[in-house]
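Open the model in your viewer and keep the selection panel at hand. This tour moves from stop to stop, saying what to select and what is there.

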Amino acid sequence: METIHRSKLFISILTITAVLIGISTASAKPITLKYATMNAPTSWHHTEFYVKWAEKVEKITEGRVKIKIFPAQTLGKAPSFFDLVKTGVADMALGVTAYNNGQFPLTEMISLPLLPLPNASAAAATLWELYEKYPEMQKEYEGTTLLHFGNTSPAMVINNKKPVHNLDDLKGIQLRVAGTRAADAMTRLGAVPVSISISELYVAIEKGVVDGVTTVWEAFSQIPVEKLQYITEVPLYTNQFWIAANTNSWNKISKEDQELIMAKCGGMAGSLMEANVFDSAEGPARELAKDWTYDKLDPAELAKWKALTQPIHEEYIAELEKRGLPARAFYNDMIEILTRYEQVATYPLRQQ
């Protein structure tokens, strides 16, 4: 009888061990997250950010978390990315705040014209600092797990008509502009904003529909460089990105790997890694447009441009205050942080 009991005990131990081994094996199976993106696989953003970010996540988790990129809006259209993440159609996505005007009001504040914004990395770092401080900004991403931010470098004035040193030079120049707030800014500055897609720009310049474009370093590969000649490096405006995960998908990842990802690829580190795509595009862009004439506004002239567009800032702050948001305090903090980054010689930026 004792032998039978021992046999049963032995079998039970073997069964429990097998179950535990099975659980261990199952938990060791890599988790693959579907990443919805809007850029084509041939784009600078795809090769320099999406792919490198995915590779870094896999490396730091030792293969326990893998990222499968779905480029060129194959999981859904870019304006629906936030809903795709919330519902789990996509495990994660990179979305543009401008595609959902008004949905991310505090985040969008950094797109106001002519801010003291030196580069994309400073903007992305500022966004993360503000996100950590303001619950109202955190609420904009409710229903998802926000991983980090991204930001473009400032859009600049580019044209084929004449050098732009001042407001008189800018007056009447027809420029392709993206977004209503950017168009408002250019109108107040005396330019003529034209709303066309970037794919229409070449023909529009040839036919004289536009004289140029406002755009960022990263987009130089998409514009007809040979048709343009003059650039004024002035921080007209920027666009923001959010990178968020479906919360259920995120919670499938172990706590240890979540912490690893946020420390190395999320939060401030991820924000700077994404923004670096825009900053690192400056060198290749300058080489591509090496025959252009490059100019910058002197401080007194820049102050005039800022004075003309400051009412846009005040109108936006008033609009958000009416919605019960701490817009004035947020704006003041944003300016303080941006100014701090603008004034230091070496930015705590461009982390890899």
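Select strand 10, residues 240–245. Strand 10 is mostly covered, with 6 of its 6 residues buried. Buried means under 20% relative accessible area, exposed over 50%, and partly exposed in between, with a 1.4 Å probe and protein chains only. Strands (E, at least two residues) and helices (H or I, at least four) are DSSP runs, numbered from the N terminus. This is a predicted model: local features need pLDDT of at least 70, side-chain atom pairs count only at pLDDT 80 or more, and totals for chains, interfaces and linings use all residues. Residues are numbered from 1 along each chain as its sequence is written, and side-chain values use heavy atoms, with hydrogens and water left out.

Show the side chains of strand 10. Gln 240, Trp 242 and Ala 244 point one way. Phe 241, Ile 243 and Ala 245 point the other way.

Two strands pair if DSSP finds at least two bridges between them. Strand 3 (residues 92–96) runs antiparallel to strand 10, joined by 5 bridges. Here Ala 93 has Ala 244 as its bridge partner. Strand 4 (residues 145–151) is also antiparallel to strand 10, with 6 bridges. Pick Thr 145: its bridge partner in strand 10 is Ala 245.

Stay on Trp 242 and look for rings. Ring pairs link Trp 242 with Phe 82, Phe 104, Trp 128, Tyr 131, Tyr 141 and Phe 149 into a cluster. Rings of Phe, Tyr and Trp (its six-membered ring) pair if their centres lie within 6.5 Å; planes under 30 degrees apart count as stacked, over 60 as edge-to-face and the rest as tilted.

How many aromatic pairs does the whole structure hold? A search finds 18. Select Tyr 35 and Tyr 50: the ring centres are 5.6 Å apart and the planes at 80°, so this pair is edge-to-face. Tyr 35 lies in strand 1 (residues 31–36) and Tyr 50 in helix 2 (residues 44–60), so the pair ties together parts 15 residues apart in sequence. Tyr 35 and Tyr 50 are both buried. Trp 53, in helix 2, is 18 residues from Tyr 35 in strand 1. Trp 53 is buried as well.

Next, the core. A nonpolar core is a set of buried Ala, Val, Leu, Ile, Met, Phe, Trp, Tyr and Cys residues joined through side-chain atoms within 4.5 Å. The largest has 92 residues. Which of them touch the most other members? Trp 53, Ile 67, Met 109, Trp 242 and Trp 305 do. Helix 4 (residues 120–133) gives the most to this core, with 9 residues. A second, separate core has 19 residues, including Ile 196, Phe 220, Ile 223 and Leu 228.

Centre on Trp 305. Among the residues it touches are Leu 114, Val 157, Asn 166, Leu 236 and Leu 297, leaving out residues up to four places away in sequence.

Two charged stops remain. A charge sits over a ring if NZ of Lys or CZ of Arg is within 6 Å of the ring centre and within 35 degrees of the ring normal. Arg 181 has its charged end over the ring of Tyr 316, 4.4 Å from the centre. Arg 340 lies over the face of Tyr 341, 5.4 Å from the ring centre.

Zoom out to finish. The protein has 14 helices and 11 strands. Of its 352 residues, 50% count as buried.

Conventions
Contact = heavy atoms within 4.5 Å.
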